Amino acid sequence: MDFLPIFFDVRGKPCLLVGGGEVAARKAALLNRAGARITVVAPEAREDVIALTVSTEGEYHQREFQPSDLDNVYLVIAATSDSAVNARISELADARKLPVNVVDQPSLCQFIVPAIVERAPITIAISTGGNSPVLTRELKERIEMAVPRGYGDFARLLGSWRDEVKSAIADDQQRTRFWESLIKGEVASLVFQGKTEQAQTTFREQLQAVSHEADKHRQDKTGEVWLVGAGPGDPELLTLKALRLMYAADIVLYDRLVSDEIMTMVRPDAEKVFVGKEAKHHPVPQEQINQKLVHYARQGLKVLRLKGGDPFIFGRGGEEIEELAEAGIPFQVVPGITSASGCSAYAGIPLTHRDYSQSVRFVTGHLKDDRPDLDWNMLAKEQQTLVIYMGLMALPVISSKLIDHGMRADMPVAVVEQGTRANQRVVTATLQDIDKAVSAAALKAPALIIVGAVVKLRKTLAWFGDQEA
Ligand SMILES: C[S@@+](CC[C@H](N)C(=O)[O-])C[C@H]1O[C@@H](n2cnc3c(N)ncnc32)[C@H](O)[C@@H]1O
């Protein structure tokens, strides 16, 4: 960051503007909107500039700049057309540690004046750090379009209710949730339609309902658990519901497979508890995770259990909610895009195809007593696609078992590492060669194996910018 973004209170404070032309007039108007007392120094000045010095109880000095003009002012803006004068003002102000802005000369500025989108009392400031005024303008236009005009009225309405809401809902987290739901809900939409009175009535009704709930909550301190699938990694594959709950949770228990990018989208002040594999690769035992969920929910918290992919597909989500059901804790389940769907789509491999595959099987390649425990006769059949989760370590066993049970040795196979993420890699080979190819590329978990004639379609259907490893 090149500049510290701050909003400076200049109400009633003398601020110096050197220059009286068109640029100075724009700065004078801005200082006036912020409530400053404007002192202008310039041999000549536009009438509107002079008028602003009068209306803000400032002064107009009709002469050249002199160093004593810097006495007793809070900030300085140099807007003359003489670059030598501008440079001198900058140097003198800097020596006195006064914040100074020289219009259109970032190297002489101690502060810059951002472009603004105003919905008073809301001000949105935009700066490209002096790099591109055109880009600043483009961003301003976008924000102008995206933020409804009514936001100013809405901010004022919210401000007028602050004290009442605070006394009606004592719990900080509940209060924050109330504000969040309000900002996205009916009250906002009524304000934006100009129906302010109706908005006030609806606000009161909603506050009464929530404060009644808050009383109930104080008596019965049971929270809720949301078991949510975060998809295979690309944050844009999150569902809208997942995103909403990620922003509403008090605490999040998350796995190794939930990508860092997705974790940055969780509500910033929610507590984050990692329950995946730790540095020494010891997973937090499932039983402990189940107990933690119950423990936090019993404290009255909204607990988000965030899992990679879909929680009901090789995610042990069923076990977690069984424990919650036994403990009488309310829960919701939100499906996610499983890695089979995500990896196949991003690798350009349709899981079914009228010509090559009429069914698809999701199986685990996780080793039990050092061997995958699977029905090989069924898996080795033609005209189907096999998707093998957690199968990387057992790949040599899996390929030789499938060949032993009748699958052709030249059946195409793909292994997708870090599917849907920017660093996705894909290895394709025949069943008999896939293990060697995967070792040569040094693929690591998480990786998903896809076996079937559909894999050959990747040659023409690959679209994601990954590379054949
Ligand atoms: C414990 S399972 C969890 C599966 C998850 N519930 C789902 O629906 O995708 C973990 C396995 O999922 C697969 N996996 C999950 N995310 C993946 C990704 N982004 N790329 C490749 N494989 C992935 C790997 O096979 C990994 O070993």
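**A residue-by-residue tour of the predicted model**

Select Phe314 to begin, which is found in the loop between strand S11 (302-307) and helix H12 (317-327); helices (H or I, at least four residues) and strands (E, at least two) are DSSP runs, numbered from the N terminus. Although Phe314 is not a glycine, it has a positive phi of about 45°. Its relative accessible area of 38% makes Phe314 partly exposed, where buried means under 20%, exposed over 50%, and partly exposed in between (1.4 Å probe, protein chains only).

Before moving on, note that this is a predicted model, in which local features need pLDDT of at least 70 and side-chain atom pairs count only at pLDDT 80 or more, whereas totals for chains, interfaces and linings use all residues. Residues are numbered from 1 along each chain as its sequence is written, and side-chain values use heavy atoms, with hydrogens and water left out.

Lys97 is another non-glycine residue with a positive phi, here near 60°, and with a relative accessible area of 70% it is exposed. From there, step back into helix H3 and select Ser90, which is buried at a relative accessible area of 8%. Showing its surroundings, and leaving aside neighbours within four places in sequence, you will find Ser90 in contact (heavy atoms within 4.5 Å) with Val100, Val102 and Leu108.

**Positions taken from UniProt**

The next selections come from UniProt, whose positions are given in the numbering used here, with shortened feature names and annotations that may be inferred rather than shown by experiment. The unreviewed entry lists Asp255 and Lys277 under "active site". Is Asp255 buried or exposed? With a relative accessible area of 15%, Asp255 is buried, and its place is the loop between strand S9 (251-254) and helix H10 (260-263). Apart from neighbours within four places in sequence, Asp255 has contacts with Phe274, Val275 and Gly276, and also with Arg305, Leu306, Lys307 and Gly308.

The unreviewed entry also places a "binding site" feature at Glu22, Val23, Pro43 and Glu44. Of these, Glu22 lies in helix H1 and counts as exposed at 53% relative accessibility. Pro43, in contrast, sits in the loop between strand S2 (37-41) and helix H2 (47-55), and its 40% relative accessibility makes it partly exposed. Which residues does Pro43 touch, not counting those up to four places away in sequence? They are Tyr60, Gln62, Arg63 and Glu64.

**The second largest pocket**

Now display the second largest pocket, which holds about 1200 Å³ of space. On a 1 Å grid over the protein atoms alone, a pocket is an open set of points where a 1.4 Å probe fits, with protein on both sides within 12 Å along at least five of seven lines, and lining residues have an atom within 4 Å of a point. Grid points are joined across faces, edges and corners, and the volume is the space filled by probe spheres set on the points.

The lining has 32 residues, and those nearest the centre are Ile6, Phe7, Phe8, Ile112 and Pro114. Two or more lining residues come from each of helix H1 (22-33), strand S4 (75-78), strand S6 (115-119) and strand S7 (122-126), with H1 giving the largest share, four residues. Colouring the lining by class gives 22 nonpolar, four polar and six charged residues, where Ala, Val, Leu, Ile, Met, Phe, Trp, Tyr, Cys and Pro count as nonpolar, Asp, Glu, Lys and Arg as charged, and the others, Gly among them, as polar.

Select Pro121 in the loop between S6 and S7, where a cis peptide bond with omega of about 10° joins Ala120 and Pro121. UniProt (unreviewed entry) places the feature "domain: Siroheme synthase central" at residues 121-144. Across that span, which is 50% helix and 21% strand, the end C-alpha atoms lie 15 Å apart.

The bond from Ala445 to Pro446 is also cis, with omega near 0°, and Pro446 belongs to the loop between helix H16 (434-441) and strand S17 (447-451).

**The view by domain**

To finish, colour the protein by its domain assignment: domain 1 (14-113), domain 2 (151-219), domain 3 (224-334) and domain 4 (340-468), with bounds that come from an automatic or database assignment. A distance drawn between the C-alpha centres of domain 1 and domain 4 spans 69 Å.
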